[in-house]
Amino acid sequence: MITLTDTHTHLYLDDFAPENEATVRRAIDAGVNTLIFPNVDLNTIAPMKALHSVFPQNTFMAMGLHPTEVRETWQDDLKTVENELISNKNLYVAVGEIGIDLYWDKTFVEEQKKVFAHQAGLAVKLNLPVIIHCREGLDEILSILAAMEKKPAGVFHCFNGTKSDIERIREIGDYYFGIGGVVTFKKSTLKELLPEIGIDRILLETDSPYLAPVPHRGTRNESSYIPDIAQFISNELNISYNTIAEHTTANAHALFKI
């Protein structure tokens with residue numbers, strides 16, 4: 001049986017209520033047997049853990065403070081996230097979603113840097129990978145990672161950069177690249193970079209409820225659409241669907257140790 005992995009999905013959010021559980025079941029029925037839930041902020045911890053408890057064999061969790069949620073209370077919020085991660089370490093397979101986002105608001109850019117650096121350091125200490133959110137913040141992220149004596153393994157989630165970005169990231173470390181629905185968009189140039197990334201460093205993801213792939217573009221995204229992304233990549237790389245599924249799932253299992 002072909003199995004697929006969605007390495008980044010937020011099916012626990014209110015966007016899916018009251019059918020959160022049904023959405024997970026649809027994914028499993030579609031062959032997406034493994035789903036990773038990255039945390040967003042303090043309010044998402046409880047619903048994430050609740051949905052995971054219903055599907056403990058199929059879902060895994062990451063704990064972190066999302067960069068767009070870094071605000072005036074960032075120190076207290078970061079401490080709460082850190083305590084949750086440390087006190088329940090066995091529940092989490094990664095530190096995430098963390099990073100730098102300067103697209104919407106640059107008010108807390110310095111705080112975002114501090115929060116990312118702290119969480120990346122925490123990942124090293126706990127021997128966990130990081131799930132990196134990067135939106136117009138690659139310079140800052142690479143600068144922080146470069147300054148670390150020991151760097152965490154991880155994935156650049158929802159990657160939508162350039163060949164130069166890939167090269168710069170690889171100068172820092174051997175990171176994975178999360179490929180989602182954007183690759184299927186007509187005007188996206190991401191498909192041209194798939195050979196550069198290579199099948200051994202591709203992770204499939206949806207980032208549900210955002211960025212639904214063609215032919216679902218414009219609707220609420222969900223993990224059951226992973227096969228559409230896998231099929232698109234299969235066509236672009238001229239590699240069999242089964243091989244795409246096998247390699248990307250193996251990549252996910254290797255990074256997250258699941």
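**Briefing on a predicted structure**

Leu211 lies in the loop between β8 and α8.

- Phi of Leu211 is near 60°, a positive value in a residue other than glycine.
- Leu211 is partly exposed, its relative accessible area being 34%.
- Pro209 is also placed in the loop between β8 (202-204) and α8 (226-237), and a cis peptide bond, with omega about 15°, joins this proline to Ser208.

**Other backbone features**

- Most residues other than glycine have a negative phi, and most peptide bonds are trans.
- Ala17 and Pro18 are joined by a cis peptide bond whose omega is about 0°.
- The loop between β1 (4-6) and α1 (20-29) holds Pro18.
- Asn238, a residue other than glycine, has a positive phi, near 55°.
- Asn238 is located in the loop between α8 and α9 (241-256), where it is exposed, with a relative accessible area of 72%.

**Helix α5**

- Helix α5 spans residues 138-146, and its residues Leu138, Ile141, Leu142, Ile144 and Leu145 are buried.
- Seen down the axis of α5, these buried residues fall within an arc of 160°, so they line one face of the helix.
- An α-helix has 3.6 residues a turn, so residues three or four places apart point the same way.
- The partners against which the buried residues of α5 pack are the strands β4 (92-101), β5 (130-135) and β6 (154-157), together with the helices α4 (109-126) and α6 (163-172).

**Glu69**

- Glu69 belongs to the loop between β3 (59-63) and α3 (74-87).
- With a relative accessible area of 16%, Glu69 is buried, because it falls under the 20% cut-off.
- The side chains of Glu69 and Thr68 are joined by a polar contact of 3.0 Å.
- Beyond its neighbours within four places in sequence, Glu69 is in contact with Val40, Asp41 and Asp77.

**The largest pocket**

- The volume of the largest pocket is about 750 Å³.
- The pocket is lined by 29 residues, of which Asp101, His133, Arg135, Cys158 and Asp207 are the closest to its centre.
- At least two lining residues come from each of β4, β5, β6 and α6, and β5 gives the largest share, 3 residues.
- The lining comprises 14 nonpolar, 8 polar and 7 charged residues.

Key:
Residues are numbered from 1 along each chain as its sequence is written. This is a predicted model: local features need pLDDT of at least 70, side-chain atom pairs count only at pLDDT 80 or more; totals for chains, interfaces and linings use all residues. Side-chain values use heavy atoms; hydrogens and water are left out. Buried means under 20% relative accessible area, exposed over 50%, partly exposed in between (1.4 Å probe, protein chains only). Helices (H or I, at least four residues) and strands (E, at least two) are DSSP runs, numbered from the N terminus. The arc is that of the directions from the helix axis to the C-beta atoms. Contact means heavy atoms within 4.5 Å. A polar contact is a pair of N or O atoms within 3.5 Å; within protein, one must be able to donate a hydrogen and the other to accept it, and residues adjacent in sequence count only if both atoms are side-chain atoms. On a 1 Å grid over the protein atoms alone, a cavity is a set of points where a 1.4 Å probe fits but cannot get out, and a pocket is an open set with protein on both sides within 12 Å along at least five of seven lines; lining residues have an atom within 4 Å of a point. Grid points are joined across faces, edges and corners, and a volume is the space filled by probe spheres set on the points. Ala, Val, Leu, Ile, Met, Phe, Trp, Tyr, Cys and Pro count as nonpolar, Asp, Glu, Lys and Arg as charged, and the others, Gly among them, as polar.
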